[in-house]
Amino acid sequence: MAVSNPSVFVTTFLASAVEVIEMVIIIVGVGTVRGWRSTWLGAGAGLAVLAVLVLVFGTALQAVPIDTLRLVIGSLLLVFGLQWLRKGIRRVAAHGLRGMGDWSASAEGIPTHGVDWTAFLLSFKGVLLEGLEVAFIVVSFGLTAQALGSAVAGAAAAFVVIAVAGVATRNVVQRIPRSALQLLVGTLLSSFGTFWAVEGLGVAWPADEIAILALIGWYALAAAGYTTLLRRRAHPLLAQPSQG
Amino acid sequence: MILRWLEGFGRFWYDFIIGDDWTIAATVAAALTATWLLHLAGLDAWWLLPFAVVIEVGLSLRSD
């Protein structure tokens, strides 16, 4: 599939990677603790339901006028991106660039034969919910930027890279510095969301698409400033110059 | 059962879009409305939304 819009590809890759990391951690965690057969069955069922939902959802979106689409999706991306930006700032301020921590589950009550419905449902829900968020990101970026191929390619690349890495390095995947990735993606989503929402109102940006770069810089600056303030509030000694 | 499904569906989208601080979504809605009104009045208003949300994120972080 040709990548016609590299910025959409990269942004979709990073945004999808955050969701796929969560998805892979759930699958790896459930599979390791409860067994792989039912976990893969649940993941497969989740993907099948997701595929049907994406087809229906995508068709419905394509009938919406582009400016309305930009306004609605831009607004949604902005509030969604601001949630990640806020959480990313808090996590980086509190813990730095640490990993996510360990997933755990009780090993009691695992059936010796047949389907383990606990593993099935956990895996199914993880794939379906995180997959829906990936689908939302792909449809949002793809349709609004009129680069659906690049958006699909970005999400697919994220899925392949993270899934292969997750399966190959099951222990390492739980330590990926998600806070930093969340902060970066929150900045990107907020920037695109702001641009599209305002453009959807019919308001012209100075320098047109280049304004997106300025928005990324603006939100990154704000995130760096707030992270520093939160760290100083949590550790007042950091704010004082060393003496002697 | 349908009501329970609708409730779950609504809760999912509420969490997905609004999250744990509704003031951010409210600020985005208010800033977009103000931007549209300024635009109708013939004024440049592209700057309003990015400034408003950065201030709101700061207030939201402060209230945590």
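**A walk through the two chains**

Starting at the N terminus, the elements of chain A run α-α-α-α-α-α-α. That makes seven helices and zero strands in chain A. Keep in mind that this is a predicted model. Of the 244 residues in chain A, 45% are buried. If you take the contacts in chain A between residues at least 6 apart in sequence, 88% of them join residues at least 24 apart.

Now for the place where the chains touch. Chain A puts 24 residues into the contact, and chain B puts in 21. On the chain B side, the elements giving two or more residues are helix 2 and helix 3. Helix 3 of chain B gives the most, with eight residues. Sort that side of chain B by class and you get 15 nonpolar residues, five polar and one charged.

Those two helices of chain B also pack against each other. Helix 2 covers residues 22–40 and helix 3 covers residues 48–63, and their axes sit 9 Å apart at an angle of about 160°. Angles over 145 degrees count as roughly antiparallel, so that is how helix 2 and helix 3 of chain B run relative to each other. Helix 2 of chain B passes helix 3 in a right-handed crossing.

Which residues meet there? On helix 2 of chain B they include Ile24(B), Val28(B), Leu32(B) and Leu38(B), while helix 3 of chain B brings residues including Leu49(B), Val53(B) and Glu56(B). By class, this helix 2 to helix 3 contact in chain B has 10 nonpolar, four polar and one charged residues.

Conventions:
Residues are numbered from 1 along each chain as its sequence is written. Chains are lettered from A and ligands numbered from 1 in the order in which they are written. This is a predicted model: local features need pLDDT of at least 70, side-chain atom pairs count only at pLDDT 80 or more; totals for chains, interfaces and linings use all residues. Axes are lines fitted to C-alpha atoms, for helices over the stretch in contact, and angles run from 0 to 180 degrees between N-to-C directions. Helices (H or I, at least four residues) and strands (E, at least two) are DSSP runs, numbered from the N terminus. Angles under 35 degrees count as roughly parallel, over 145 as roughly antiparallel, 65 to 115 as roughly perpendicular and the rest as oblique. A crossing is left-handed if the near helix is turned anticlockwise from the far one by less than a right angle, and right-handed if clockwise. Two residues are in contact if their C-beta atoms, placed from the backbone, lie within 7 Å. Ala, Val, Leu, Ile, Met, Phe, Trp, Tyr, Cys and Pro count as nonpolar, Asp, Glu, Lys and Arg as charged, and the others, Gly among them, as polar. A residue is buried if 20 or more other C-beta atoms lie within 10 Å of its own, exposed if 12 or fewer, and partly exposed in between; C-beta atoms are placed from the backbone.
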